[in-house]
Amino acid sequence: MSRLDINKTYKLFIAGAFPRSESGRVYEIKGAYKKFIANPAMASRKDLRDAVVAAKAAQSGWANATAFNRGQILYRIAEIMQGRSEQFVDEICALEGVSNKAAKTQVDEAIDTWVWYSGWCDKLSSVTGSLNPVSGPFYNFTTPEPLGVVAVFAESKPSLLGAVRTLAPVLAGGNTAVLIASESYPLPVITLSEALATSDLPAGVVNILTGKTAELAPWVGSHMEIDGVDVAGLSKKQEEELKLVGADNLKRVFRFTPSNHPERILGFMEQKTVWHPIGL
Amino acid sequence: MSSFEYASAPESKAIANIASSYGLFIGGKFVEPKKGKSFNTINPANEELLSKVGYADKLDIDLAVKSARSAFTKVWSKLPAKERGKYLYRIARILQERAREFAVVETLDNGKPIRESRDTDIPLAAAHFFYHAGWADKLEYAGVGNKPKPLGVVGQIIPWNFPLLMLAWKIAPALAAGNTVVLKPAETTPLTALLFAQVCQQAGLPEGVVNIVTGDGITGAALVNHPDINKIAFTGSTEVGKAIARSISATKKSATLELGGKAANIVFDDAAIDEAVEGIVNGIFFNQGHVCCAGSRLLIQENVSDEVIEKLKKRMSLIRVGDPMDKNTDLGAINSKEQLKRIHEISNTGDAEGANRWSPECKLPTKGYWYPPTIFTGVSQSHRIARDEIFGPVLSVLTFRTPAEGIEKANNSMYGLSAGIWSDKGAKILWAAKQLKAGVIWANTFNKFDPASPFGGYKESGWGREGGRHGLAGYLASDAKVSK
């Protein structure tokens with residue numbers, strides 16, 4: 001008899017740990033050929049709140065880490081993912097039904113995306129900040145600062161790259177994140193959490209939930225401690241509804257073109273301007 | 001000891017040529033509102049009628065937006081950028097030429113001291129146009145990509161506290177970036193905007209590039225909800241800002257919002273106390289405290305608190321309250337009856353909740369709307385006067401023991417527009433500036449503004465920046481963001 005595989009239990013990623021949903025709920029994921037793959041957790045409103053608490057707690061540590069340090073950690077994520085790339089490729093093939101080559105291209109691109117944003121960390125201020133020539137004896141400068149806690153609805157496909165290109169810029173800017181994986185294609189994102197957990201990324205900087213997008217989106221929209229949202233994985237209708245309730249704390253809500261761009265970082269940053277007199 | 005009193009030094013009204021009535025400025029001409037309605041604008045310092053202005057409703061807004069759209073597609077977007085810039089330079093120069101007239105009209109309509117309209121509002125408004133004029137043909141260097149594009153027609157709604165200056169903050173960057181605008185001035189302060197319409201005529205600005213529609217909140221809502229607007233730029237209350245965010249949530253419209261504030265002005269025990277006291281006074285009593293970034297929460301380190309408060313009271317006793325047209329006046333009139341009522345209402349909760357009110361003895365004029373410079377001591381963080389924006393000459397004083405506690409109290413607000421730091425230690429200032437969740441930090445100074453300096457808030461103080469390169473970006477289309 002051939003050996004029986006040890007299948008993975010796909011769980012949430014909150015505050016650096018891998019809990020099941022407090023609700024005890026799971027839902028079934030079938031692969032490309034209607035084959036059962038896994039029962040990931042179906043996160044509840046309470047899980048979301050726990051994730052935000054963790055993200056909030058990790059905020060100042062991550063925001064105040066040196067840009068060089070943040071850049072190194074983002075690069076470390078790329079290193080860890082490279083080592084696990086075969087696992088990601090297999091998972092994407094099974095889930096998306098794409099060719100091995102296509103899956104490999106996606107994984108490579110996801111890894112390179114981390115490297116690209118890693119390099120932005122310590123250049124952002126010099127490229128997008130400014131020393132402002134005001135009319136008076138004042139030293140006046142503007143620098144970008146993180147918004148705080150950003151929720152990210154990952155694109156469904158490409159399942160891994162779609163999550164990475166929404167998540168990486170949020171982290172590069174010094175925000176902490178709650179990533180809501182695509183409802184239909186969540187598994188590579190859960191595996192991503194295992195890479196994140198072993199990349200020197202402080203606990204709570206990224207928290208990952210799986211579950212029903214339509215159930216979680218309104219709670220994300222109305223959560224007063226979520227400062228920004230990338231709605232890549234939401235429908236237009238869900239985006240509108242989220243913006244409507246999100247106005248209660250003036251959430252910064254954006255959808256970006258599917259490419260890497262510094263504006264993805266800056267959209268979730270504030271610009272701070274400091275004045276000081278010059279004189280004896 | 002006898003003291004010398006200031007003799008009155010009134011500015012002449014003669015230079016202000018205020019017409020008895022004004023229409024709406026649409027398509028380069030003053031036109032009567034479709035329904036022929038108008039409303040009064042008065043001098044808040046004596047309640048005298050200044051003029052009647054047109055009341056724009058939905059039909060007028062539609063005409064104004066159509067005029068702006070037509071100007072955008074047919075003229076403004078086709079004009080070489082260099083020429084677009086020249087119009088802005090012209091406007092800046094005309095504003096400088098007519099500065100005295102603008103200052104007088106501003107003070108009559110708004111109630112602010114002539115010294116402030118003359119030395120701050122009008123020169124800064126002109127500077128804003130001059131600064132942005134230079135951007136018009138350099139947009140590809142503004143950090144938003146190689147081929148920056150304007151958004152189209154921008155609807156702009158401005159408040160009554162700095163009427164012409166807020167107009168300049170809105171119109172200058174919008175035009176420089178190649179947009180056309182429909183601007184609604186505040187209900188109580190429409191006059192300098194209408195005077196500005198004449199400046200546009202004098203500058204030969206193509207018809208429809210700037211449209212000015214006067215009215216109230218209903219007029220503003222009609223502008224926000226007009227389907228052919230590409231962007232809303234609003235300065236005003238957080239409440240209205242949120243309402244705007246809701247009304248555009250299912251549209252392609254983008255928005256910049258400059259909203260309320262409850263700025264912490266933090267005095268550390270190593271501060272130069274006399275300088276700090278001047279800064280505190282400027283922070284809260286400048287423009288009668290009608291300033292969204294006013295330093296309305298004073299946080300003093302406990303060991304210097306008695307000294308600061310004593311000196312502050314002494315300094316407040318020297319504030320001259322009265323005729324805004326008098327060049328010696330420090331504190332002018334409250335802008336409207338409605339605002340005065342709001343100041344009374346919120347300040348009265350200070351008494352009711354147990355804080356201690358103090359005002360210097362001062363004689364307030366019998367006509368017009370007035371409120372004395374006021375401080376509340378013994379304020380705790382949960383008091384309404386420590387949380388809500390009063391938008392008047394009322395200061396809430398709190399204390400803290402350690403720097404960390406000071407920062408925590410400062411950040412305990414839904415707002416995040418501005419903050420002040422008073423200390424003689426460089427490292428401490430930069431540390432505090434980093435910790436404070438606010439868009440503008442004034443260290444050892446307060447209430448400074450400049451066209452080159454981005455202004456805008458964190459948290460519920462708004463979206464985006466105005467001024468500087470960062471403000472300009474708000475009027476250019478992003479090549480990475482998807483507007484649905």
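## Helix α1 of chain B

A residue is called buried if 20 or more other C-beta atoms lie within 10 Å of its own. The model described here is predicted. In chain B, helix α1 spans residues 58-76, and its buried residues are B:D60, B:I61, B:L63, B:A64, B:V65, B:S67, B:A68, B:A71, B:F72 and B:W76.

These buried residues pack against several elements of chain B: the strands β2 (24-26), β6 (153-157), β7 (180-184) and β8 (210-212), together with helix α7 (217-225).

## The contact between chains A and B

Chain A contributes 35 residues to the contact and chain B contributes 33. On the side of chain B that touches chain A, at least two residues come from each of α8 (238-247), α14 (426-435), β17 (440-443) and α15 (468-473). Strand β17(B) gives the most, with 4 residues.

Within β17(B), B:I441 is the bridge partner of A:V274.

## Serine 396 of chain B

B:S396 belongs to strand β15 of chain B, which covers residues 394-400. B:S396 counts as buried because it has 28 C-beta neighbours inside 10 Å.

Apart from neighbours within four places in sequence, B:S396 is in contact with B:S296, B:R297, B:L298, B:F376, B:V379, B:I385 and B:A386. The C-alpha atoms of B:S396 and B:S380 are 9.0 Å apart, and these two residues are separated by 16 residues in sequence.

Methods:
Residues are numbered from 1 along each chain as its sequence is written. Chains are lettered from A and ligands numbered from 1 in the order in which they are written. This is a predicted model: local features need pLDDT of at least 70, side-chain atom pairs count only at pLDDT 80 or more; totals for chains, interfaces and linings use all residues. A residue is buried if 20 or more other C-beta atoms lie within 10 Å of its own, exposed if 12 or fewer, and partly exposed in between; C-beta atoms are placed from the backbone. Two residues are in contact if their C-beta atoms, placed from the backbone, lie within 7 Å. Two strands pair if DSSP finds at least two bridges between them.
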